[in-house]
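Visitor: I've got a model to look through and I'd like to go over how its pieces pack. Could you walk me through it?

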Amino acid sequence: MADSKLLVPELNDAETMGAETLRFEELLLQASKELQEAQTSRPESTQIQPQPGFCIKTNSAEGKVFINICHSPSIPPPADLTEDELLQMLEEDQAGFRIPMSLGEPHAELDAKGQGCTAYDVAVNSDFFRRMQNSDFLRELVITIAREGLEDKYGLQLNPEWRILKNRPFLGSISQQNIRSQQRPRIQELGNLYTPSSPRPEACPEKPHLSLWLEAPDLLLAEIDLPKLDGALGLSLEVGENRLVMGGPQQLYHLDTYIPLRINCDESKAAFHQKRKQLMVAMPLLSVPS
């Protein structure tokens, strides 16, 4: 794995790793407490009014379909990757990159000829939308992901051929949408991703639950649940610039996941919390989303 660093071949328990690790453990525990408080004190969803961007025309077996690509500052942006970084990741078949989107409900409309059609509103982050406007690559990527998202959500089969309407930023009306309220600046909760080139063993290791969140603009925290372990003996951990790989003893666990942020692997630290049976990792960031 490029730019990876084996932090510790065999991690010791947090209780025996000294004052520095204990301070790190306290930081993680405090972050977890604040996260839980934030999750219980905020509503589950909030209402937004997406702003028009541009409209694409395609069709399905039922007739004409229009997709209004909209934007809102309330929707979080994707990771701040360059086009070259994103293209390389897509060519390597990595599944870690996400473009947060809000997929609206279908609404019946009339096209320019007065014929019936169906329209959908898809909203992305406003800053990302402005960046996308100057990039054919990002615009086509967003349209492809939006089309596939609508197909999955509503059981559609949309024509992969489409065109952008000229001088018409949207069709019909753009309705308000409910989106999940953001908790603390949480990234996402991820499972493990096996690398395509690595065959799974016959007895597959368990996929541990991984939680990631930003504790500060330049610090990413991770908790990996390992309920079958009483200690850290036999655990291995590699942290790369945008990759985290963990192996458990006797193939009990395996985690191989892409993280859409640039990590300072040289300064990353890890500790095993014996009572909670969690591996905790603190990863300073080289850059953060804009």
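Predicted model: local features only at pLDDT ≥ 70, side-chain atom pairs only at ≥ 80, totals over all residues.

Visitor: Are α3 and α4 oblique or roughly antiparallel to each other?
Guide: The angle between the two helices is about 125 degrees. Roughly antiparallel would need an angle over 145. The pair therefore counts as oblique.

Visitor: Which residues of α4 make the contact with α3?
Guide: On the α3 side, the contact uses Phe128, Arg131, Met132 and Gln133. By class, the contact has four nonpolar, one polar and two charged residues. The α4 side supplies Leu138, Arg139 and Val142.

Visitor: Is Ile69 buried or exposed?
Guide: Ile69 sits in strand β4, residues 63-72. Among its contacts beyond four places in sequence are Phe54, Phe129, Met132 and Ala146. Buried means under 20% relative accessible area. Ile69 has 1%, so the word is buried.

Visitor: How many Å apart in space are Ile69 and Pro50, C-alpha to C-alpha?
Guide: Along the sequence, Ile69 and Pro50 are 19 residues apart. In space, C-alpha to C-alpha, the distance is 9.3 Å.

Visitor: Now for the rings. Is the pair of Phe54 and Phe129 stacked or edge-to-face?
Guide: The structure holds two aromatic pairs, and Phe54 with Phe129 is one of them. Their centres are 6.0 Å apart, with 25 degrees between the planes. Planes under 30 degrees apart count as stacked, so this pair is stacked.

Visitor: How many residues apart in sequence are the parts that this pair ties together?
Guide: Phe54 is buried at 6% relative accessibility, and Phe129 is buried with a relative accessible area of 6%. Phe54 belongs to strand β3 (residues 51-60) and Phe129 to helix α3. The pair therefore ties together parts whose separation in sequence is 75 residues.

Visitor: And Tyr120 with Tyr154: what is the angle between the planes?
Guide: That pair links strand β7 (residues 116-125), which holds Tyr120, to helix α4, which holds Tyr154, 34 residues apart. Tyr120 counts as buried at 5% relative accessibility, while Tyr154 counts as partly exposed at 23%. The rings are 5.5 Å centre to centre and the pair is tilted, with a plane angle of 40 degrees.

Visitor: Back to α4. What is the relative accessible area of Arg147?
Guide: Arg147 lies in helix α4. Setting aside residues up to four places away in sequence, Arg147 touches Leu158, Asn159 and Pro160. Arg147 counts as buried, and its relative accessible area is 12%.

Definitions and conventions: Residues numbered from 1 in each chain as written. Heavy atoms only, no water. Axes fitted to C-alpha atoms, helices over the stretch in contact; angles between N-to-C directions. Helix = DSSP H or I, 4+ residues; strand = E, 2+ residues; numbered from the N terminus. Parallel < 35°, antiparallel > 145°, perpendicular 65-115°, else oblique. Contact = heavy atoms within 4.5 Å. Nonpolar A, V, L, I, M, F, W, Y, C, P; charged D, E, K, R; others polar. Buried < 20%, exposed > 50% of the residue type's maximum accessible area, 1.4 Å probe, protein only. Phe/Tyr/Trp six-rings, centres within 6.5 Å; stacked < 30°, edge-to-face > 60°.
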